[in-house]
There are 2 protein chains.
Amino acid sequence: MAIFEVELDIGATGTPLRAQRFHRQLREAILGGQLKPGARVPASRAAATRYGLARTTVVGVYNQLLDEGLLASRHGSGTYVAERPVPLADMAAPGAAPEARLNPFWLRPDVASAFGFFNDATVAPDIAAYPTVFDFRPGLVDLKHFPFDILRRVSAQKLRAFEQAPFNYGHPQGNPDLRAAIAMHLSVMRAIACQPDDLVVTSGAQQAFDLLARLLVKPGRSVVAVENPGYAPTRIPFAAAGARLHPVEVDAEGMIIDRLPRDAGIVCVSPSHQFPLGSSLSKERRAALIRFARENGALIVEDDYDGEFRAARGPIRALKTVDEDDVVFYVGTFSKSTLPNIRLGFILPPRWAVRALATAKICADGPCSMPTQAAVTGFIGGGHLTRHIGRMRRLYGERRTLLLDLLRSDFTAWLDPIESAYGMHVTAISNGTVDVDALSRTLARRNIHIRSLSRYYHGPATQAGLVFGFGMMDPPAIRTAMAMVREAMEEGS
Amino acid sequence: MAIFEVELDIGATGTPLRAQRFHRQLREAILGGQLKPGARVPASRAAATRYGLARTTVVGVYNQLLDEGLLASRHGSGTYVAERPVPLADMAAPGAAPEARLNPFWLRPDVASAFGFFNDATVAPDIAAYPTVFDFRPGLVDLKHFPFDILRRVSAQKLRAFEQAPFNYGHPQGNPDLRAAIAMHLSVMRAIACQPDDLVVTSGAQQAFDLLARLLVKPGRSVVAVENPGYAPTRIPFAAAGARLHPVEVDAEGMIIDRLPRDAGIVCVSPSHQFPLGSSLSKERRAALIRFARENGALIVEDDYDGEFRAARGPIRALKTVDEDDVVFYVGTFSKSTLPNIRLGFILPPRWAVRALATAKICADGPCSMPTQAAVTGFIGGGHLTRHIGRMRRLYGERRTLLLDLLRSDFTAWLDPIESAYGMHVTAISNGTVDVDALSRTLARRNIHIRSLSRYYHGPATQAGLVFGFGMMDPPAIRTAMAMVREAMEEGS
């Protein structure tokens, strides 16, 4: 009795190599077309009975054929012969450049430069004439006020505790102590209720986006809506995972939800404090986004990169706090609240996705490193994080107020600042009387580093402006630098 | 004059929104089929001149269309209209399980269980009758002999030095101090000459494999040859990146190079100490592998997971030392030589691939975390790593000799050990008189954890055996446990 569309002959029970024959004959039948694309493969139990093989053997053969691209599985409905036979690899032609053997995504100049690291077009400052550096780049934090001594001390204490643990490898979701500390922190700072088991600790927010891209994107089929302007390192991993990106415009009320394409299965937003504009997603748009996700079966990635740093009127609620449909993947980071190079962040996914996410994390790199987990666990646990955030919130608040005051008093001829009650940057829109891209280059030569808003657009910029990060700029530095900026504005207009 | 196959009308110079019109009209022409698949898109300079746009604007629009899947770029030969219009995303049907919205790869039970973490079928030990745990799992290391106090002290010293650094984020390839220390370590331990700038520091070897998979695999087109049996966490990232895996059998001389399929563009090998069999790639096969790569334009991923731990007759040379064609991506790790949960490894790629690899690393998670880099830099720099390796090489050597002696004297009725002069595990092949899978389960109930060789096969196993890791087993524990194993063997045969 044939249970496949072809009969297999793997020999009588007891014949050696029957499992390999089973594999080889199935493989040949698929490649030869005797098994038709889309044909359902019999359940492993039935095939095991029919051919006198162990069920685990049949499952092993099916998995191998899945890896070879000859079978495909559809969630909840079994395993099928793959629709398209996988084409042969295109080997590098003899004499071709060695790079031709790489995945071309990583050779794209826009991908490398989006991360701001390999930026060959950077303007060199004239250090002789302008020896003092004023760094308004966003994403940097004040290291002068960081309690390094406390971090060192609590790290050593926690390392000692970790050494007592009997395990060689940690938990892929992160150390349970650290997850408990993060759950407490989220509850206090962002009114988000969660269990430690719901969290996945990551190497910074960047790994969180990268893992979510790989978890959520179906290569070549998924459409991901991203904010425009927005933070390029959030969207690049989704492009790398094979998604189509659809930039959606942002205004003073955040992402314009009406413009979401109906086929967007994933929506990436920074609802509390949009980067770089600084606006918050309005109440109406929040409701519209949740409705969109419900009606279209979409998932939401919430980037809450500086949720702890709202100055006025208490924190705006995270979208995750109203996630009744269980579709929000919340991403947090300790890069802003501790140190950027500590590289620790986390994802709070819907509970149904925790295990698949943890699997992706093990594949990507396994648990985060012990010394780093020890440091952050100690820093949160001892109350040091809350104290540090309290102090920095006040300091950053003073700087924001100063910068907004200066922009409103001395720059009205050129710039209109966007109201912001959050974080460590302020964005100001240009009225077009000055070419801000050129101005940014002029300032860079004078050792003042301010990014033009155009750099954050995906595709052509629809607004011109400047982004003032003040993480590393104290009030005297802000006053001095802004006087120099004004001078350059006057020259340029 | 039309320079595209269709004429675009974006309005006279000075008209607002000309860049957006340029984008929208190109998009519509591609989706509408007026621009034919495969048609070459004019150079950005020509298009900029023709339409009176800034060249950066044109480049921005092209990049956006690339991300939308409507254009495709071929390395060295420009940008084309994509061959297949990207199909719409398959949205989750209303009422479908929430998991249907995830990339199904991460839901595969074989993927989760390959990492040994989510293994639902684990046998629970009978702790009342067998209170002592004997853990022969490979990949574990001896924590009792690790100088934790030294690690804590050098960590604190190095952290202090890092705090003086003016940067907020580290270098994506890893801190220069650490890379200099690794280059020195490689030169001393493995006779590999390299510059610090050639290295990319990773979160353990696992991230190295994952980054290489993403860098090297062209989704749906690349064929990757992997050792069979082999280390599943090496091959899973390649499957995740969209490669077809081709398992190649291993024998006492390592991977059987003759059986490499001609379309394998990437070959993953552990030539110094094959995992799990323990054999070394013979001289003839090394030459054959290099010849294969040269003739087929293939790249080689060399996993040197325990290269420091060869006991007899000095280390076998790494393949990387004879890489005249610049095709070997060498992967090393500190998981075996320091602590598995320190999560630090590195890649030494061919120089032509460094920048693309660093770009992939930034996308994946950015630089490795500062506390971890500080710890390992201090540990290598102070000579502590070399000292620790020297001590552990002797201890592991004693355990290997003891285990091999016991296997050769007391287990000849059932097992034939594979000669090994390396590392911290020994594999023994079963002569078939005992069902080793069943034996492994019986032993697990008695709190002795030994993995069956079958677990390391991709597809059906062609040999049966047991893998004895002795990283956590000192000589008295080995003696006690092996007596219990012998008892179970006698019951089972």
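**Contacts between and within chains A and B**

A polar atom of the A:Lys218 side chain lies 2.6 Å from the backbone oxygen of B:Ala100. The model is a predicted one. A:Lys218 sits in the loop that runs between helix 7 (204-216) and strand 5 (223-228) of chain A. Its relative accessibility is 9%, so A:Lys218 counts as buried, the limit being under 20%.

The two chains meet through 114 residues of chain A and 114 residues of chain B. Between them, about 10,500 Å² of area is buried, and carbon and sulfur atoms give 58% of this. Between chain A and chain B there are 21 residue pairs in polar contact, both residues being at pLDDT 80 or more. Helix 10 (residues 354-364) of chain A supplies the largest share of the side of chain A that touches chain B, namely 8 residues. By class, that side of chain A has 62 nonpolar, 29 polar and 23 charged residues. Salt bridges between chain A and chain B number 2. B:Asp210 forms a salt bridge with A:Arg214, with 2.7 Å between the closest N and O atoms.

Next come the nonpolar cores. The largest nonpolar core has 118 residues, and the members that touch the most others are A:Leu212, A:Phe238, B:Leu212 and B:Phe238. Leaving aside residues up to four places away in sequence, B:Leu212 touches B:Val217, B:Phe238, B:Val301, B:Phe329, B:Val331, B:Ile347 and B:Leu357. Another core, of 71 residues, lies apart from it and includes A:Leu178, A:Met424, A:Val434 and A:Ala481.

Over all chains, the whole structure has 32 salt bridges. One of them joins B:Asp304 and B:Arg190, whose closest N and O atoms are 2.8 Å apart. B:Asp304 is in the loop between strand 9 (299-303) and strand 10 (328-333) of chain B, while B:Arg190 is in helix 6 (residues 176-190) of chain B, so that distant parts of the chain, 114 residues apart, are linked. Both B:Asp304 and B:Arg190 are buried.

In chain A, A:Glu249 and A:Arg259 form a salt bridge at 3.0 Å between the closest N and O atoms. This pair links strand 6 (residues 244-251) of chain A to the loop between strand 7 (254-255) and strand 8 (264-269) of chain A, the two residues being 10 residues apart. A:Glu249 is partly exposed at 33% relative accessibility, and A:Arg259 is partly exposed at 47%.

The side chains of B:Glu419 and B:Arg408 also meet in a salt bridge, at 2.7 Å from N to O. B:Glu419 is exposed, with a relative accessible area of 52%, whereas B:Arg408 is partly exposed at 40%. In chain A, a network of salt bridges links A:Asp405, A:Arg408 and A:Glu419.

Key. Residues numbered from 1 in each chain as written. Chains lettered and ligands numbered in written order. Predicted model: local features only at pLDDT ≥ 70, side-chain atom pairs only at ≥ 80, totals over all residues. Heavy atoms only, no water. Core = buried A, V, L, I, M, F, W, Y, C linked by side-chain atoms within 4.5 Å. Buried < 20%, exposed > 50% of the residue type's maximum accessible area, 1.4 Å probe, protein only. Contact = heavy atoms within 4.5 Å. Helix = DSSP H or I, 4+ residues; strand = E, 2+ residues; numbered from the N terminus. Polar contact = N/O pair within 3.5 Å; in protein donor to acceptor, adjacent residues only side chain to side chain. Buried area = accessible area lost by both parts, 1.4 Å probe. Salt bridge = Lys/Arg side-chain N within 4 Å of Asp/Glu carboxyl O. Nonpolar A, V, L, I, M, F, W, Y, C, P; charged D, E, K, R; others polar.
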